[in-house]
Amino acid sequence: MALNITENIDGIFQLIGGNFSTAGEASTQLKHKLAEIGVDEEIIRRATIATFEAEMNVIIYAAAGWLHYYITPGSIKIRIEDMGPGIENIELAMQEGYSTAPEWVREMGWGAGMGLPNMKKNSDTFTVDSVVGEGTTVEMVINFP
Amino acid sequence: MTLKKIAEILDATIISDSDDLNVQILNACSADMMSAVLYYHTPNSLLITGLTQPHVIRTAEIAGIKTIVFVLNKKPDALTIDLAKQKKIPLLSTPCCMYTASGRLFSAGLPGCLTK
Amino acid sequence: MKVKDLVDQLSLDVRSFKDGLGNDITGAYVSDLLSDVMGNSKKGNVWLTLQTHLNIVAVASMKDLSAIIIVGGRQAQEETIKKAEQEKVTILTTALPSFEASGRIYQLLK
């Protein structure tokens, strides 16, 4: 795949907790950026779905967060750090269907317990680190074919 | 199946009239939970949902959804409509509930979205 | 039609309260939003959802629904099943996504 990329590209978005009306904006902009440099459509789809789920988690659970992306000729890496409550039991949180989202979040269409599994499913490497009371960092890499 | 045909089957009103009614829809996904939409493979799909907020439009854009139909006569606010116009995602509103809307379209031959 | 007929026709898995298979079905309702189901479902409806959370049992019980069908291959959590047994709520599961499961049931109940 010939990408229109001569040097590494990186960027950062700030995310604000509770702000549902602009939720997804960062992921959408990233989607356009990847399209601009000619990344394969299916790869874009995977990267944006994974990013969007991570972005929504910050909106739902945290006070604020940052989304960093690093695009190289070989891959895209996305790191999302938040100042949130942290995840008590990561193993449990990775289980499909498990969610600690309150009812009002479920009424908005989120908190089905599919977020972290969707992120993992769509990335080639996926790591999540969390400290209760401090925050969570998710790092995902999607390789270009 | 065209958007026009879908609107007929569901007695639906088209919310933004600038949209191309001949756009082809390949299959459908019924959900209120947005992660379910993101879980399935939905390029060129129809989304049948009961939620009308802007993040539904963004989910649709990210998932490649072609059209959204809101059930139970729900109408989105101006912010959501503007965003949908910007993203070129036509919006419909049907008096049917999600069950009837899904049932009618399935019976008319529209398949479910791919699960991979 | 009874819940059991639906189980047979769509090869649903029975996850809780088998005694409920004899319940009559008055129709179906599809939603993942509990407030919607509380407001709009009718007594004896089967409820299709991909929610697996404990609260679905209370909703089904309060609204006298004939069964819950969890769609999309999702599995109810253990505490949900336990609660459903206590509250005498039948939970069924299917791998079919919501749209297709609704479509098939629509054709069977027509």
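This is a predicted model: local features need pLDDT of at least 70, side-chain atom pairs count only at pLDDT 80 or more; totals for chains, interfaces and linings use all residues.
Strands are DSSP E runs of at least two residues and helices are H or I runs of at least four, numbered from the N terminus; two strands pair if DSSP finds at least two bridges between them.

I recorded the basis of the values. Residues are numbered from 1 along each chain as written, chains are lettered from A in the order written, and side-chain values use heavy atoms, without hydrogens and water. Local features need pLDDT of at least 70 and side-chain atom pairs 80 or more, whereas totals for chains, interfaces and linings use all residues.

I next looked up strand 4 (residues 67-70) and strand 5 (residues 91-93) of chain B, which pair in parallel over three bridges. F70(B) has S93(B) in strand 5 of chain B as its bridge partner.

I then turned to the interface. Contact (heavy atoms within 4.5 Å) involves 28 residues of chain A and 22 residues of chain B. I noted one salt bridge between the chains, a side-chain nitrogen of Lys or Arg within 4 Å of a carboxyl oxygen of Asp or Glu. R58(B) forms a salt bridge with E25(A), with the closest N and O atoms 2.7 Å apart. On the side of chain B that touches chain A, helix 2 (34-39) and helix 3 (54-63) of chain B are the elements giving two or more residues; helix 3 of chain B gives the most, seven.
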